[in-house]
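Subject: Structure for you to look at

Hi,

Here is the structure I promised to pass on. Have a look at it first, and then read on for what turned up.

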Amino acid sequence: MDSQSRAEFLAQLSAEEKQRLLAHVLRKKAQGQTALPWETDPQEWIRDAKLDPRIQPLGQASRHTDPHTILLTGATGFLGAHLLHDLYDRTRANIYCLVRAADEREAQERLQANFARYFAHPLDSKRIHPLVGDMSQAQLGLSPQTYAKLAEQTDIIVHNGAHLHHIAPYALLKASNVDSTVAILELATTAKSKWIHYVSTLVAAVDRDTDGWLLEDFPQADPSELAGGYSQSKWVSEKLLSEAAQRGIGVTLFRPGFISGRSDNGVWPSENDHLLRVIKGCVQMGYASDSSLMPNMAPVNFVSEAIVRIALSEDTPGQVFNLANPHLVPWVTLVTWLQGCGYPVNLVPKDVWREQHLRNVDKENALFPVLPLYLGGDITERFVLLLSKLATVRNDGTAGMLARLNMSFPVIDQALWQRYVRFFQESGFLPRPA
Ligand SMILES: NC(=O)c1ccc[n+]([C@@H]2O[C@H](COP(=O)([O-])OP(=O)(O)OC[C@H]3O[C@@H](n4cnc5c(N)ncnc54)[C@H](OP(=O)(O)O)[C@@H]3O)[C@@H](O)[C@H]2O)c1
């Protein structure tokens, strides 16, 4: 990473994240290691995947098809708003949403403002309750009284919150992505047993069958191939939860691929979306690589409905669901659809794209903060492996469940892509083509 990209990366971090990164770098220095902080030794994160022996089930795990009380994390995010909507619609439960805020009023405002990006109606304050907290803290940053009440009342936990960052090192993401899962497991096994529905990601999957396809099962294989702190932190969480499941704690894992915008109106927040960063970067450059990657994507409203309906189902064929859309769209097709919308993006061989176009971008280009992932070498190869495996994923359990629920995987076609592009133009994310 050159000094400019490093500065860009640092500028995105909060004061707390910078402090954590600094502590990590100083620790490395003290150990005489000169490795860049995002190149984490697998042993450093794999060792976090050991579940504390004190976390034990409280009796028989029960799935709760009609929960009275639900805890949802990450409700101020993209998928979280939709999970909140669907959990509200499909249950009669009180839904507690853990929100980072100075006080309850701000938490309520953040929740409502995020919800309003996707839905026209206000939140029902009789059944939806913000809780000021921070899932990276012990007891989720809640007061002892609130924690005790939540522990006594909650039936199911939908643990969806995470810090999404494709270039941040594991050390920076551990608090929000791993410590949070430990805190959720502690809550799930305090006062009464609660079922945990965890939103993971397909990039964290490493177990394959003999054909090389990713399995729809709890993790067992060596995860050293995983590149980047995000996939590593999500794998550690999966592993902790899989150990919890072996002990008899109720756990379901959901693994989406890329989550795309709403299928009806195309709303797709661009602030923190990797695929959109790549698309915008290519539009700005006027060139795209002829990569053979097939981004595995599904609209957010489908992903949310599938998670909520499977979570509320009486019985399921397993506890791990690969929400891998079999309707794959090759990257080059997405680029031709962009061309069809009037954007003059030329497809060029990937070496030409990298050496003649990508290497010359400045910080105005959307790809600038993530350049090391694409500029070649080991990090690029590992990142490409991370994405390319999403084209070969077993999803038999999910497909069977969707059929039972009268749902099916959504087709990603040119008409949907045009809705997305219209939204990008209206929101100012992409300029209208000349
Ligand atoms: N987006 C995708 O394409 C994709 C693909 C596969 C899997 N997933 C998974 O889906 C889930 C949701 O992703 P998303 O795209 O909706 O992400 P998002 O929009 O970035 O939302 C993340 C949510 O997590 C919350 N959060 C993060 N750290 C927290 C902390 N320490 N304490 C409390 N809340 C915290 C955020 O709260 P603030 O608002 O306070 O930041 C936000 O509500 C994640 O688990 C992610 O790994 C996403």
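Let me start with the ligand, and with Thr76: one of its polar side-chain atoms sits 2.6 Å from a ligand oxygen atom. Bear in mind as you read that this is a predicted model. Tyr230 also reaches the ligand through its side chain, with a polar atom 2.6 Å from an oxygen atom there. Ala162 uses its backbone instead: a polar backbone atom of Ala162 is 3.2 Å from an oxygen atom of the ligand. If you zoom out a bit, you'll find 26 residues around the ligand, and the closest of them are Thr76, Arg110, Asn160, Tyr230 and Lys234.

Helix H7 (residues 170-188) packs with helix H8 (residues 229-247) at an angle of about 20 degrees, and their axes are 8 Å apart. With that angle, H7 is roughly parallel to H8. The crossing of these two, H7 and H8, is right-handed. On the H7 side the contact is made by Tyr170, Leu173, Asn177, Val178, Thr181, Val182 and Leu185. H8 brings Gly229, Tyr230, Gln232, Ser233, Val236, Ser237, Leu240, Leu241 and Ala244. Sorted by type, the residues where H7 meets H8 come out as 10 nonpolar, 6 polar and no charged.

Next, find helix H4 (residues 78-90) and helix H10 (residues 300-311). Their axes come within 9 Å and cross at roughly 45 degrees, so H4 and H10 are oblique to each other. This crossing of H4 and H10 is right-handed too. From H4, the residues involved are Phe78, Leu79, His82, Leu83, Asp86, Leu87 and Arg90. They meet Val300, Asn301, Val303, Ser304, Glu305, Ile307, Val308 and Arg309 in H10.

The last pair to look at is H11 and H15. Helix H11 (residues 331-340) and helix H15 (residues 414-426) pack at about 60 degrees, with 10 Å between their axes. H11 and H15 are therefore oblique to each other, and their crossing is right-handed. Leu334, Trp337 and Leu338 of H11 make the contact with Gln414, Trp417 and Val421 of H15. That contact of H11 with H15 divides into 5 nonpolar residues, 1 polar and no charged.

Cheers

How values were computed:
Residues numbered from 1 in each chain as written. Predicted model: local features only at pLDDT ≥ 70, side-chain atom pairs only at ≥ 80, totals over all residues. Heavy atoms only, no water. Axes fitted to C-alpha atoms, helices over the stretch in contact; angles between N-to-C directions. Helix = DSSP H or I, 4+ residues; strand = E, 2+ residues; numbered from the N terminus. Parallel < 35°, antiparallel > 145°, perpendicular 65-115°, else oblique. Left-handed = near helix turned anticlockwise from the far one by under 90°. Contact = heavy atoms within 4.5 Å. Nonpolar A, V, L, I, M, F, W, Y, C, P; charged D, E, K, R; others polar. Near = heavy atom within 4 Å. Polar contact = N/O pair within 3.5 Å; in protein donor to acceptor, adjacent residues only side chain to side chain.
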